[in-house]
Each structure stands twice: as C-alpha cells, then as structure tokens.
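This report goes with a sequence and a structure. Please look at both before reading on.

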Amino acid sequence: MEENAYLTSIAAGAFYVIVGARLLRLGRRTRERPEQWLGIYFGLSGAFYLGYHLPSLLGFGAWSRGAAWVVEWTYIVGVFPYLFFIRSVFRPDARWSAALVGICTVFLLLGTGVAMAQGEVIYALDNPWYLTQWVGYTVPCVWMCVEALLATRSARKRVRIGLCAPIVANRYLLFALFGGFQILACIADLSLANELGSDRAISLVSDALLGGSEIASVAVLWLAFFPPRFYGDWIARRAVALPTPMDGQRDG
Amino acid sequence: MADVLFDIAADKLESSTGLDRLAARGTLRIALKEAGLDPQSLSVPQLRAVFEKLMPRELEARGVADAVSASNAAIDAIERAASETDLAAATSPDEIFKRLGGS
C-alpha cells in the first residue's frame, strides 16, 4: 500500500522510538508519570510503524497472522498511555476527562477485538468495527490538539509576566501542531480505507497526506524535544515581557 | 487546595483595598484571566507575579488609591496566610512541559 508514504512512516517510526527512549530515560530519572506515559506511547507507536513496514523494507513478504496481530495491538495499546498523559497534564481532576479516556479505551478494544475475532482488520468505510477503532485512536489526537492550543493561549499570557518560559509556551504550540498533523494522518487512514475498500488504486492525495503529515509530525517533535540553540534563541527574542508597574514607580 | 488559595487572595485583596467582597473576587478573577492562570490551580509565586505586574493597573481602574501599595500589602498578607496553611501545590502543565524538553 501507500508506496511513497511508507518510507516516511519508517523514518517517523525510528524517530518515535528515539523520542520514546529519551522520555523513558527522563521518566526513570524524575520518577514522574507524564514522561513515562508519553515515552511508552512514542516507543510503541514507533515499534508499530517499524513493525508494519518491516516486511516491505526487508522484502520478506508479510508477517504471519500472529505477528501481524502483535504489530496491530502494539499501536492500540500505545494509545492508552497517550490518553493518560493528556488527562494527567491538562484535566487531572475533571470527571469528563476520565469518561473520555474510558470511552476511547472501549472503542479501541471493541474495534480491534471484534476485528481479531473476524480474523483481520477490514480497512473499509462500510466496516463499523474499523470505524470504531478509528474513532478510538483519532479522538486522542483531537483532544491533544485542542488542549495544547488552549494551553498555548494561556501560556503566552504567563510569558508576559515572567511565569512561563517562552520555550515552554512554544512547546505547547508544537504539541498542538503534532496533534493536528496526527489528525491529518487519521484522515488519510480513512481515505486509504475508502480506496482499499472499493478496490481503487491508492491515490496520490492519500499517499501525500499520510507521508506529509508524518514528516510534519517528526519536524515539530524534533523542535519540541531536541530544540536547536538557534530555535530557542529565536523564541526567546520573540517573547515580550510586561514591565512591572512597581519597577516603573521605583524608577520614577 | 488551590481554590483555597484563591479564597485567601480574594479575602486579603478585599481587606487591603476596601473593595467589597464581590468586587475583590471579580477583580482577582479578571487579573488571573489576564495572566493566563486558572483560579483552581494557583501557586503563591504565580499570585506574586500577578499582584506585582497586573493588579496595580486593575485596582487603579477601580479607583483604589495608591494601588501599588495596596497590591503589595495584599500579596504580603497572602504569603503570610498561605505559609500558615498546608497548601500542597499540584504539578502544573508548565513544569511537565519544561521537563519534556530536558530543560
């Protein structure tokens, strides 16, 4: 399938594994859950991408049915810590956020579980179980995008009074962009499912959407987790600090 | 516990400025919104920044005489009251996102 996109998916998978390992090492040092959950998410996502495309890359045909299910579940299981991360960071006390985590979990388990009982995930828009699974992994991307956008807006205000580092406010924005690009990748999944389900050729649009969203995701994560010095300096220069009224009076 | 800190801050603002209870709470909420802070997840350092940088302007707009001194008096009283109360600060998203970048 998606011939051009698969190379970008492999590159993205390798990058996610690196990010996951870095976060898990950070989590071991800080003993804090958020980085551990995010590390598991990226680690498993990366393993899924690599596992999914490894047969094409190494030219050994296809995985056995058992191995293919392991690869499938690797991604599904990885979404759970992603949900825990979003909730623990942005809405730790809200009941609705716990409910949303539960609903996504049910959708993921139901969609993938029924597909497993049927023997395979049938990627087609008229398959309700594929759509159930799709909703389960797309909603967390939307949730991350929205929460990180809201956090960006409030963090920019805190930057003005010195309560938030400019690079942290920017990191919220990068996570919002990551969520947005993942939503595009999910839409590309639907487009591919439509084409696969109707025996049509994979279109250039679906291929480009998937590949482009993966490249963009890696780019924003690189800036979020491995910001080069010039980028940090640029963000700091753009930040505008609010003068302290008290300082003004003392000066006067 | 942060909502307790909001109540303490509103009380001290009320007693330091002569604003009535409703006006003091409203003024504090406006200043916190301007600062991008959630009243339910506040810390004392955050309140100090708000009272130093934003509150004097808000108080002046409401006709409070010597707004800077009133703000100073309020934040000093808040810090004293907070130190006498067991206020466990929750980990903020800012702290988590700072750690994620390894900074």
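## About the model

This is a predicted model, in which local features need pLDDT of at least 70, side-chain atom pairs count only at pLDDT 80 or more, and totals for chains, interfaces and linings use all residues. Residues are numbered from 1 along each chain as its sequence is written, while chains are lettered from A and ligands numbered from 1 in the order in which they are written.

## Chain A

Chain A has nine helices and zero strands. Helices (H or I, at least four residues) and strands (E, at least two) are DSSP runs, numbered from the N terminus. Along the sequence, the pattern of chain A reads α-α-α-α-α-α-α-α-α.

The C-alpha atoms of chain A occupy a box of roughly 75 × 40 × 35 Å, taken along the principal axes. Chain A contains 252 residues, and 41% of them are buried. A residue is buried if 20 or more other C-beta atoms lie within 10 Å of its own, exposed if 12 or fewer, and partly exposed in between, with C-beta atoms placed from the backbone. Contacts are pairs of residues whose C-beta atoms, placed from the backbone, lie within 7 Å. Of the contacts in chain A between residues at least 6 apart in sequence, 71% join residues at least 24 apart.

## Two loop residues

Arg31(A) sits in the loop between helix H1 (5–30) and helix H2 (33–58) of chain A. Arg31(A) is not a glycine, yet has a positive phi of about 60°. With 8 other C-beta atoms within 10 Å, Arg31(A) is exposed.

In chain B, Asp66(B) is found in the loop between helix H4 (55–61) and helix H5 (67–83). Asp66(B) has a positive phi of about 50° and is not a glycine. Asp66(B) is partly exposed, with 13 other C-beta atoms within 10 Å.

Terms used: Two residues are in contact if their C-beta atoms, placed from the backbone, lie within 7 Å.
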